[in-house]
Amino acid sequence: MILCSPTPISIIKAAMLAEIHNDLPCLKGDQESLGLFMFTSELDADNTTLPVLIEKLNNTCGLNANWLLSNPGKILTQLISANLRYQSNDKTAVIFAAIEQAIRYGHVFCFTGAGDISKLFRDRSKAVSHEIHRMLGFVRFRPAANNTLIAQPKLFHNTADIILRRFALRYPNTRLVIVLDDQALVLDNNILSLVPSAEFSPYLLASDTFSKTWETYYQAQYLATRKNIHLAERAIPKKYWSWLNEGQYSQKESSS
């Protein structure tokens, strides 16, 4: 069994060791998911370097992975980072399978989504990137005490920390909070922390004036004679309609 840390480079090294030793790669702490295989001997991917593994892979399997040391290697680490944030129980299995395809068939095969797994790997990375991009336009913070701004976005993936850091560039010297169910992620002085969300609930449950302001703005520029629900779906995907005020308005219009 090949163990690795939940970081792109460590995961890549584990996938290479798995290819060299014909063994199973696994994140540290997830051994129980392997069943009886968890009792086999262990190799730690963090105990070796990428150049050494590239040479071993070439000598043992006849595979050239020198591209991992250049720009394609950076792209692969970015794709892995995005997939690690994708909310799915099979994300690690997909990541290891996609890296295996990249090692065996080349990075182009993986990046273009030539295989089913590679396509899923690429599409999941896009889904995470799209969520971050959309939230930068969709999230609306509510003012709170002590120079704090609070939001409760509808997130499908583990992207809250990236979103907060992006917004920190717009709101310097401001405490930013994203409420996530019973916990809240707080960015204060460039430090992230998880705290109970109860202290922020009053601001989210306060007067609906904030939401009505956005609805009034949307209605003021809405032209009923030019209603185009398909265009509305492109601007605001349906999965966000129940969350955004203008999305709720579009939902009413689509059913009328």
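Colleague: In which hand, left or right, does α4 pass α6 in its crossing?

Modeller: The model here is a predicted one. In it, the crossing of α4 past α6 is left-handed.

Colleague: How are two packed helices described?

Modeller: In general, one gives the angle between their axes and the distance between those axes. Here, helix α4 (residues 91-105) and helix α6 (residues 116-138) have axes that come within 9 Å and cross at roughly 120°. An angle over 145 degrees would count as roughly antiparallel and one of 65 to 115 as roughly perpendicular; α4 and α6 are therefore oblique to each other.

Colleague: Which residues of α4 and α6 meet?

Modeller: From α4 come K91, V94, I95, A97, A98 and Q101, and they meet I117, S118, L120, F121 and R124 of α6. Sorted by class, this contact has seven nonpolar, two polar and two charged residues.

Colleague: Where do nonpolar side chains tend to be found in soluble globular proteins?

Modeller: They tend to be buried together. In this model the largest nonpolar core has 34 residues, and I11, M16, L68, I80 and F121 have the most contacts inside it. Elements giving two or more residues to this core include α1 (8-21), α3 (71-85) and α4. The largest share, eight residues, comes from α1.

Colleague: What is F121 in contact with, leaving aside its neighbours within four places in sequence?

Modeller: F121 is in contact with L76, L79, I80, N83, V94, I95, A98 and C110. There is also a second, separate core of 19 residues, which includes M135, L187, Y240 and W241.

Terms used:
Residues are numbered from 1 along each chain as its sequence is written. This is a predicted model: local features need pLDDT of at least 70, side-chain atom pairs count only at pLDDT 80 or more; totals for chains, interfaces and linings use all residues. Side-chain values use heavy atoms; hydrogens and water are left out. Axes are lines fitted to C-alpha atoms, for helices over the stretch in contact, and angles run from 0 to 180 degrees between N-to-C directions. Helices (H or I, at least four residues) and strands (E, at least two) are DSSP runs, numbered from the N terminus. Angles under 35 degrees count as roughly parallel, over 145 as roughly antiparallel, 65 to 115 as roughly perpendicular and the rest as oblique. A crossing is left-handed if the near helix is turned anticlockwise from the far one by less than a right angle, and right-handed if clockwise. Contact means heavy atoms within 4.5 Å. Ala, Val, Leu, Ile, Met, Phe, Trp, Tyr, Cys and Pro count as nonpolar, Asp, Glu, Lys and Arg as charged, and the others, Gly among them, as polar. A nonpolar core is a set of buried Ala, Val, Leu, Ile, Met, Phe, Trp, Tyr and Cys residues joined through side-chain atoms within 4.5 Å. Buried means under 20% relative accessible area, exposed over 50%, partly exposed in between (1.4 Å probe, protein chains only).
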